[in-house]
Amino acid sequence: MHEKKINIAIDGFSSCGKSTMAKDLAKELGYTYIDSGAMYRAVALYAIRKGWITESTMNEKALRKHISEIKITFNSNVNDGQDTYLNGENVENEIRSLKVANGASRVSTLGFVRSALVRQQQEMGKEKGIVMDGRDIGTVVFPEAELKFFITAPPEIRAKRRYDEMKAKGITPPAYEDILANVEERDLRDTTRAESPLRKANDALELDNTHVDIEGQLQWALDMFHRITAKNE
């Protein structure tokens, strides 16, 4: 492991495997993994519980008033993974539902939500040694990150992966067609929103992992990491 740590930003579309890459890479390097998407999901869950988000409405005024009350942290679990905590409560499983995922995509369009979470994320990265994945990590959160990745795959591939992931976790998934529709809706929302839209940073390394397995994408990321850090030594 290199003594001089860097920050690694991983961006990409929903369900493209960027979180898996980020977790694996952080573990391999001895870095800290931060799931920024889970933070937006936690905000959405908080708002859903309060009744501020329904299928057709969103009470932005109430969420803005109480955004400072939302504290999101991460703790290791017994499975050598990481769980998301909302104000001290483990909400890891609850935030993975399709309903919360859709809510997260909606709250992420709000500038005051993004500002609040970006501040938390940047604070986490001050000491370096962070691997963070999301939609605007390389462009907004860590524009000076020493290594940036952009991960992509067609919507149909990503919807199938999401379906399989939910089944593997013991969650009864919605119909594949519903998941695909959700993926496509989120893609449109993420790439066209006014606040920090999803886009590839100019200096990001792109990977289409349609035909790349988990081990392959990790090896690719490690190769890029060693290439970058070797240049900087």
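Five of the five residues of strand S1 are buried, so S1 is largely enclosed by the rest of the structure; buried means under 20% relative accessible area, with exposed set at over 50% and partly exposed in between (1.4 Å probe, protein chains only). Strands (E, at least two residues) and helices (H or I, at least four) are DSSP runs numbered from the N terminus. This is a predicted model, in which local features need pLDDT of at least 70 and side-chain atom pairs count only at pLDDT 80 or more, while totals for chains, interfaces and linings use all residues. Residues are numbered from 1 along each chain as its sequence is written, and side-chain values use heavy atoms, with hydrogens and water left out.

**The sheet.** In a regular strand the side chains alternate between the two faces of the sheet. In S1, Ile8, Ile10 and Gly12 point one way, whereas Ala9 and Asp11 point the other way. S1 belongs to an open sheet of five strands, which are paired in parallel and follow the order S2-S6-S1-S7-S8; two strands pair if DSSP finds at least two bridges between them. At the edges stand strand S2 (32–35) and strand S8 (205–208), each of which pairs on one side only. Neighbouring strands of this sheet are turned by 20 degrees against each other on average, direction ignored, where axes are lines fitted to C-alpha atoms, for helices over the stretch in contact, and angles run from 0 to 180 degrees between N-to-C directions.

Strand S1 (residues 8–12) is joined to strand S6 (residues 130–134) by four bridges, and within this pairing Asp11 has Gly134 as its bridge partner, while Ile10 stands opposite Asp133. S1 also pairs with S7 in the parallel sense, over five bridges, and there Gly12 stands opposite Ile151.

**Two helices.** Which residue caps the N-terminal end of H2? Asp35 does, with a side-chain oxygen that lies 3.1 Å from the backbone nitrogen of Gly37. Helix H2 is mostly covered, since 12 of its 15 residues are buried, among them Met39, Leu45 and Ile48. At 1.5 Å a residue, the 15 residues of H2 should span 21 Å, and the 22 Å between its end C-alpha atoms agrees with this; the expected span is 1.5 Å times one less than the number of residues. Just after H2, Gly51 takes a positive phi of about 85 degrees.

Helix H5 (residues 111–124) reaches 20 Å from its first C-alpha to its last, close to the 20 Å expected for its 14 residues. Its buried residues include Phe112, Leu117 and Gln121, and what covers the buried residues of H5 includes H2, strand S3 (72–76) and S6.

**Aromatic pairs.** A search of the whole structure finds four aromatic pairs. Rings of Phe, Tyr and Trp (its six-membered ring) pair if their centres lie within 6.5 Å, and planes under 30 degrees apart count as stacked, over 60 as edge-to-face and the rest as tilted. Two of these pairs are listed here.

| Pair | Centre to centre | Angle between planes | Type |
|---|---|---|---|
| Phe13 and Phe150 | 6.0 Å | 80 degrees | edge-to-face |
| Tyr31 and Phe225 | 6.2 Å | 90 degrees | edge-to-face |

Phe13 lies in the loop between S1 and helix H1 (18–29) and Phe150 in strand S7 (residues 147–152), so this pair ties together parts that are 137 residues apart in sequence. Tyr31 lies in the loop between H1 and S2 and Phe225 in helix H9 (residues 214–232), so that pair ties together parts 194 residues apart in sequence. Both Phe13 and Phe150 are buried, and both Tyr31 and Phe225 are buried.

How values were computed:
A polar contact is a pair of N or O atoms within 3.5 Å; within protein, one must be able to donate a hydrogen and the other to accept it, and residues adjacent in sequence count only if both atoms are side-chain atoms. Contact means heavy atoms within 4.5 Å.
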